[in-house]
Amino acid sequence: MRNAAVVAAWELRRTIGRKGFLISTATVPVLLLIAVLVFVIFGDRIGAAAAEATTSEPADGYGLIDQAGVLEGRELPPGLERFADEAAARASLSQGDVDGYFVIDADYLASGDVRYVADDFGTFGEREGDARRVIRSVLLVALLEAHVAPEIAPRIQQPVALHAESVDGSPPRGFGAGVIFDSVVPYVAAILFMIVVFTSAGYLLEGVSEEKETRVIEVVLSSVTPDQLLLGKIAGQAIAGLTQLLAWVLPALALVPVLLAQFDDLGDLTFNLAVLPLALAYLLLGYLLFAAFYATVGSMTTTFKESQQLAAYLILPSIVPFMLSAFIQGDPDGMLAVALSWIPITAPVGGLLRVAAGSQDTLSLAVSVGILAVCVPIGLWISTRVFRIGLLVYGRRLRLGDVVRAVRG
């Protein structure tokens with residue numbers, strides 16, 4: 001094992017010394033820091049700009065021509081002015097005294113028709129929406145007072161005063177409660193898993209392929225056994241991936257609370273601690289399984305380019321749960337979601353997405369983690385057997401028969 005540790009240390013130093021690794025490791029914390037600084041420094045301005053973009057300017061007032069007499073004799077609310085006819089209202093509109101005017105048709109009680117005339121309806125029709133709310137409120141109050149008993153009128157205006165509570169009588173957890181972290185943490189873990197697989201496991205594939213292609217590996221094998229070499233490479237890349245992950249997660253743990261403090265309506269934040277170890281288990285087991293796959297692919301091929309082409313057949317199935325995330329979100333304990341979390345190649349992402357969707361089937365999630373835990377040593381064992389044979393074959397790709405014979409010993 002000492003030789004494997006030496007290989008792991010060498011692989012770790014080589015990986016963390018790559019420019020691409022250093023850039024990708026530093027980019028995420030820097031971007032997160034910039035986002036936090038922007039929200040802290042310019043949060044109020046951003047909120048004001050967003051509100052201004054989505055809210056129309058207050059109206060100067062509206063004109064009203066009541067041809068049906070529905071509002072006759074009633075005092076109009078501020079901002080609503082009566083006109084004897086449409087010509088007078090149009091003149092007031094042209095002078096800018098009102099933003100628009102309403103014409104309540106003579107057959108309003110039968111048809112409900114009301115015309116709204118204006119020069120500007122807003123970029124997205126927001127001024128028309130404001131006008132509709134004004135006239136609706138005025139007419140609703142008038143009709144209720146004229147035709148409905150006073151004790152019933154408030155219930156028609158507001159039919160329901162809904163108060164939601166959990167089965168135990170406690171108030172429901174809102175958007176700002178632990179639901180945020182209980183769902184976001186596994187989903188982010190699924191994304192991080194894909195990034196780690198594409199980077200660290202990709203470096204493993206590149207290292208195995210290039211060392212075999214340049215025959216440097218023959219020199220290395222004079223000091224270590226094939227099993228020690230492969231396990232050392234996998235361990236070194238796993239540590240490199242964990243280092244990168246910590247470089248992303250630790251700044252996030254420090255900066256995200258600062259970012260969340262800018263939102264006043266999130267309430268008390270809680271976190272289900274059971275989510276974190278489950279996410280870590282999927283991350284670690286999933287990475288080791290894919291590292292074994294990648295090492296096997298690197299051993300089977302003759303060049304790094306061939307290895308990349310063959311590795312694509314591993315990547316595509318692994319992202320299927322992302323493609324079907326809408327179905328998993330809708331039914332996290334359904335047959336499709338459970339199947340995706342039980343198939344080894346889709347289990348890491350599928351299981352994490354189920355947790356993010358709020359799965360309550362702890363038994364099937366435990367089975368999912370158990371399947372991965374069983375498949376990892378099997379995958380590593382197969383990869384070491386194929387690795388031994390692949391080191392002895394140059395100039396041609398290993399065939400399926402060669403792999404089968406390698407596994408049989």
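## Close-up views of a predicted protein model

**View 1. The whole chain, taken as an overview.** Looking at contacts between residues at least 6 apart in sequence, 72% of those in the protein chain join residues at least 24 apart. Keep in mind that this is a predicted model. Its protein chain holds 17 helices and four strands. Of the 409 residues in the chain, 40% are buried.

**View 2. Where is confidence highest, and where is it lowest, in the protein chain?** The mean pLDDT of the protein chain is 78, and 79% of its residues reach 70 or more. Confidence is highest in strand 3 (residues 100-104), with a mean of 95, and lowest in helix 8 (residues 216-220), with a mean of 64. Please read residues 174-180 with care, for the pLDDT is below 50 there; in the model this stretch has 17 contacts beyond near neighbours in sequence. Residues 266-270 also have a pLDDT below 50, and that stretch has 17 contacts beyond near neighbours in sequence.

**View 3. Strand 1 and its two partners.** Strand 1 and strand 3 run parallel and are joined by five bridges. Within that pairing, Ile65 has Val103 of strand 3 as its bridge partner. Strand 1 also pairs with strand 2 in the parallel sense, here over three bridges. To find this second pairing, look for Leu64, which stands opposite Arg82 in strand 2.

**View 4. Is strand 1 enclosed or open?** Five of the five residues of strand 1 are buried, so the strand is largely enclosed by the rest of the structure. Tyr62, Leu64 and Asp66 point one way from the strand, while Gly63 and Ile65 point the other way.

**View 5. A closer look at helix 5 and what covers it.** Helix 5 (residues 126-147) has 22 residues and spans 31 Å from its first C-alpha to its last, close to the 32 Å expected. Which residues of helix 5 are buried? They are Arg127, Gly129, Ala131, Ile135, Val138, Leu139, Ala142 and Leu144. An α-helix has 3.6 residues a turn, so residues three or four places apart point the same way. The cover over the buried residues of helix 5 includes strand 1 (62-66), strand 2 (80-82), strand 3 and strand 4 (114-118). Helix 4 (108-111) and helix 6 (153-157) are also included in that cover.

Note on methods:
Residues are numbered from 1 along each chain as its sequence is written. This is a predicted model: local features need pLDDT of at least 70, side-chain atom pairs count only at pLDDT 80 or more; totals for chains, interfaces and linings use all residues. Side-chain values use heavy atoms; hydrogens and water are left out. pLDDT is the predictor's confidence in each residue, from 0 to 100. Helices (H or I, at least four residues) and strands (E, at least two) are DSSP runs, numbered from the N terminus. Contact means heavy atoms within 4.5 Å. The expected span of a helix is 1.5 Å times one less than its number of residues. Buried means under 20% relative accessible area, exposed over 50%, partly exposed in between (1.4 Å probe, protein chains only). Two strands pair if DSSP finds at least two bridges between them.
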